[in-house]
Amino acid sequence: MSEQQRRGGDGKFGRYGGQYVPEALMPAIEELTDAYERYVLENEDGFMDEFRERLRDFGGRPTPLGRADQLSERYGVEVYLKREDLLHGGAHKLNNALGQCLLAKYMGKERIVAETGAGQHGTATAMAAAHLDMPCEIYMGRRDINRQRPNVFRMRINGAEVNPVDIGRGTLKEAINETMRDWATTVETTHYVIGSVVGPHPFPSMVRDFHRPISAETKRQSVEAFGQLPDAVVACAGGGSNTMGIFSEFVDPGGLPGTDPANNEPGAEDDVDLYAVEAGGSSLAVDEARGVAPNSASLSTGTEGVLHGARTKVLQDGDGQIMESHSVSSGLDYAGVGPELANLVDEGRVEAVNVDDDAALEAFHRLSQDEGIIPALETAHALAYLEEHDDPTELGEYVVVNVSGRGDKDLESAIEETAKRDLPNAPEMDVFDEHGGLR
Ligand SMILES: Cc1ncc(COP(=O)(O)O)c(C=O)c1O
């Protein structure tokens with residue numbers, strides 16, 4: 001496979017990717033592909049300079065890479081945390097939302113639409129749109145609205161309209177469908193800010209490139225902190241944007257012109273092991289009859305199919321019907337995954353692993369108690385992989401975990417889900433009496 005094919009320059013990553021969209025959307029996709037190539041890849045009109053400046057001044061980049069002292073001791077390896085939770089908005093999502101809203105401006109679009117699952121992408125898009133003075137509408141499944149109320153308020157406070165989606169299960173898949181429907185009728189004036197490395201070309205490549213600073217910084221900061229690249233990088237995978245963000249410069253160093261190189265041995269990237277941790281949910285077993293997969297592990301258990309405009313690995317039944325997915329974290333609750341990540345797993349460059357809901361909740365409490373960082377439930381999956389590993393020292397001496405987001409948005413869910421379980425490390429949650437006083 002050519003380098004161009006592997007990187008998706010033609011919209012294909014091996015067997016995956018492509019542009020499976022209705023005819024009505026093709027002009028918008030072609031216009032966007034042209035804008036991606038000119039502004040992002042060639043820095044026309046200084047677009048990427050302005051993007052990097054705004055990421056620094058509005059977003060707060062670079063985010064730190066810090067040693068996790070207690071986890072390092074617990075696992076017998078040097079654990080470093082890449083702190084995307086400290087990016088403005090509390091998750092990696094702002095990199096992409098800001099990039100796409102700015103691109104929409106350069107393209108002369110007047111309105112932003114976006115879908116959201118956990119609400120982090122919706123929040124980031126609402127913030128970026130407000131920052132760039134653009135009207136913004138966010139589609140969100142009703143079930144996710146109930147799971148992520150703080151983020152719904154944040155979007156509204158930032159001036160976005162939040163449109164509840166009642167069809168299907170009311171999660172991310174349905175929200176994407178509704179946003180696509182809106183876009184199909186408003187393409188002249190509107191840009192659809194997709195929230196992960198999914199969808200038709202150029203979205204997977206473009207979203208990866210907006211998240212590429214995570215990887216470039218990680219490399220540079222690793223060399224500064226411990227004198228070499230990490231032995232392993234671990235990130236949670238829903239659609240795969242934080243994964244591709246932190247993996248991209250290890251898979252394809254210098255793949256985007258203008259990215260600062262790190263001071264590492266040439267070719268050392270190939271020795272860095274990359275782990276994408278999926279949501280194993282409550283079980284990896286699939287109920288074909290009911291069309292339900294009680295997990296979101298499409299890399300581990302999915303099969304080749306088309307979802308949201310791209311060929312990729314999806315959770316589907318024998319007739320090609322997309323199954324209902326499940327995860328305790330709404331940001332991982334998705335039946336597909338980005339085509340580039342699917343290809344990297346097929347090629348053996350990335351290892352797909354998974355942890356279940358219980359392990360993720362335990363990891364949520366562990367990082368909060370041991371390191372003073374409340375992680376997003378999505379991120380907790382990446383952290384749980386260290387705990388679930390039979391022997392974490394096999395991962396190497398230096399392990400970087402991408403802390404994709406902070407957990408403030410998850411407090412209600414975490415309390416509810418913790419109360420349902422007998423977790424060995426959870427604090428007492430039922431601490432208030434019926435008058436709201438402390439027991
Ligand atoms: C904090 C956080 N991490 C990870 C994800 C999963 O998305 P992706 O796989 O695109 O990084 C989400 C999605 O909402 C999120 O909010």
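I started with a nonpolar patch on the surface: Ile374, Leu411 and Ile415 form it, with about 240 Å² of accessible area together. Patch members have over 30% relative accessible area and no salt bridge, and nonpolar side chains (Val, Leu, Ile, Met, Phe, Trp, Tyr) are joined within 5 Å. A salt bridge would be a side-chain nitrogen of Lys or Arg within 4 Å of a carboxyl oxygen of Asp or Glu. Areas come from the Shrake-Rupley method with a 1.4 Å probe, and only the protein chains shown count as cover for residues.

I noted that this is a predicted model, where local features need pLDDT of at least 70, side-chain atom pairs need 80 or more, and totals for chains, interfaces and linings use all residues. Residues are numbered from 1 along each chain as its sequence is written, and side-chain values use heavy atoms, without hydrogens and water.

Next I checked Leu411, which sits in helix 17 (residues 411–419). Helices are DSSP runs (H or I, at least four residues), numbered from the N terminus. Leu411 counts as partly exposed because its relative accessibility is 39%, between buried (under 20%) and exposed (over 50%).

Then I went looking for holes and found three cavities of 30 Å³ or more. A cavity is a set of points on a 1 Å grid where a 1.4 Å probe fits but cannot get out, and lining residues have an atom within 4 Å of a point. The volume is the space filled by probe spheres set on the points, which are joined across faces, edges and corners. The largest cavity comes to about 330 Å³.

Note on methods
Patch = residues over 30% accessible without salt bridge, like charges linked within 9 Å, V, L, I, M, F, W, Y side chains within 5 Å. Helix = DSSP H or I, 4+ residues; strand = E, 2+ residues; numbered from the N terminus. Buried < 20%, exposed > 50% of the residue type's maximum accessible area, 1.4 Å probe, protein only. 1 Å grid on protein atoms, 1.4 Å probe; cavity = no way out; pocket = protein on both sides within 12 Å on 5 of 7 lines; lining within 4 Å.
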